[in-house]
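Here's a quick briefing on a fold and its pockets. Take a look at the model first, then run through the notes below.

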Amino acid sequence: MQRFPTRSLLAALVLAACGATAQAQQVSVNGLLDISAGRSKAPGGTSLTGVDSGKMSTSWYGFSGSEDLGGGMSALFRMEAFLQVDAGTMGRFGGDAYFARNSYVGLAGKQWGTVTVGRNTTALFVTTLLNNAFGDSFGFSPSIRHYFTSGTVTGDTGWNDSLAYNSPNVGGFSFGAMTALKEVGNGGNWSLNASYGAGPLSLSAVVQNVKKDGAAAVQDSRTWQAAASYGLTNDIRLFAQYGQVDNKTTGADYKITGLGAKVGMGVGAVLAQYSHVQASVGGNRNTYTLGYDYFMSKRTDLYAAAMIDKQDGKSSGNGYGVGVRHRF
């Protein structure tokens, strides 16, 4: 029986295709597969039961590499694709671009930072996932849901045609900026972010303005968020977020508050997160999630989570799931 190539063989094939040698360039193949079984229902929606991909983390795989150019400078690239493990299909949904997670080439310097050009993940998404107990979970994180799947923020979690800069970390401080260039038929996007992390405390702030998603023009929205996390002990970490979304096209605005905690218990952790949306239109929303994440190894974990999701004027939403994640 033919077997799927190993990481080493895949990396060798990529090196050969790029015309590079292992001595001159470091290339890796990595990713994450997440699959679960459970039930979900959005407020006012229909209950669905089944097997799903990417409830705790969106499944993906990709190639990344760097080349030492000397003098403290290096060239780098990243090509990463989302996939749906339950159906064996590519993308997060039908019609999603192949390398929709990241697709860029860049230069990095130890003294001045990193510049990447292509499709880059937004700082708003990174700030949101780092400062809530459920990370980047579209299935269970109230914070991710309220910013990226509830009709508040416009635009995707990654921007096409973008130029991103990230500074070096100096004494715990770092900052970044990104723009998605204006093209015929659409506007341009921009964002600024700054963060501090030292000891148990982490602080982040980000603001972005969106006028396009991919090649299409979208409703003009401006979003800002301030977030923090604090480690009370080695086993207990608290999270807090506050942000506002102003949709300039429709006049709607949203204020989003999030609180969470992660409590370590041996090789596992209890996860709890709450988020509230105060909406000028569409009704306020409150979402609560409680879960448990158990690591069988550094690469493989089992998880269980349950959510209650309520929005004014709609029937209650809720959901639960049990799943497994594996990193490679």
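The protein has 18 strands and 3 helices, both read as DSSP runs (H or I over at least four residues for helices, E over at least two for strands) and numbered from the N terminus. It's a predicted model, so local features need pLDDT of at least 70 and side-chain atom pairs count only at pLDDT 80 or more, while totals for chains, interfaces and linings use all residues. Residues are numbered from 1 along each chain as its sequence is written, and side-chain values use heavy atoms, leaving out hydrogens and water.

**Overall build**

- The radius of gyration (over C-alpha atoms) is 20 Å, which agrees with the value near 20 Å for a compact globule of 328 residues; that rule is 2.2 Å times the number of residues to the power 0.38.
- Along the principal axes, the C-alpha atoms fill a box of roughly 60 × 50 × 45 Å.
- Buried residues make up 41% of the 328, where buried means under 20% relative accessible area with a 1.4 Å probe, protein chains only.
- Take the contacts (heavy atoms within 4.5 Å) between residues at least 6 apart in sequence: 48% of them join residues at least 24 apart.

**Largest pocket**

- A pocket here is an open set of points on a 1 Å grid over the protein atoms alone, where a 1.4 Å probe fits, with protein on both sides within 12 Å along at least five of seven lines; lining residues have an atom within 4 Å of a point.
- The largest pocket holds about 860 Å³, counted as the space filled by probe spheres set on points joined across faces, edges and corners.
- Its lining has 42 residues, with Thr121, Thr122, Ala123, Phe125 and Val126 nearest the centre.
- α2 supplies the largest share of that lining, 6 residues, and the elements giving at least two include β6 (102–109), β7 (113–121) and β11 (201–213).
- By class, the lining has 17 nonpolar, 21 polar and 4 charged residues; Ala, Val, Leu, Ile, Met, Phe, Trp, Tyr, Cys and Pro are nonpolar, Asp, Glu, Lys and Arg charged, and the others, Gly among them, polar.

**Second largest pocket**

- The second largest pocket has a volume of about 700 Å³.
- It is lined by 26 residues, and Ser53, Gly54, Lys55, Arg92 and Phe138 are the closest to its centre.
- β2 gives the most to this lining, 5 residues.
- The lining of the second largest pocket divides into 6 nonpolar, 13 polar and 7 charged residues.

Key: Buried < 20%, exposed > 50% of the residue type's maximum accessible area, 1.4 Å probe, protein only.
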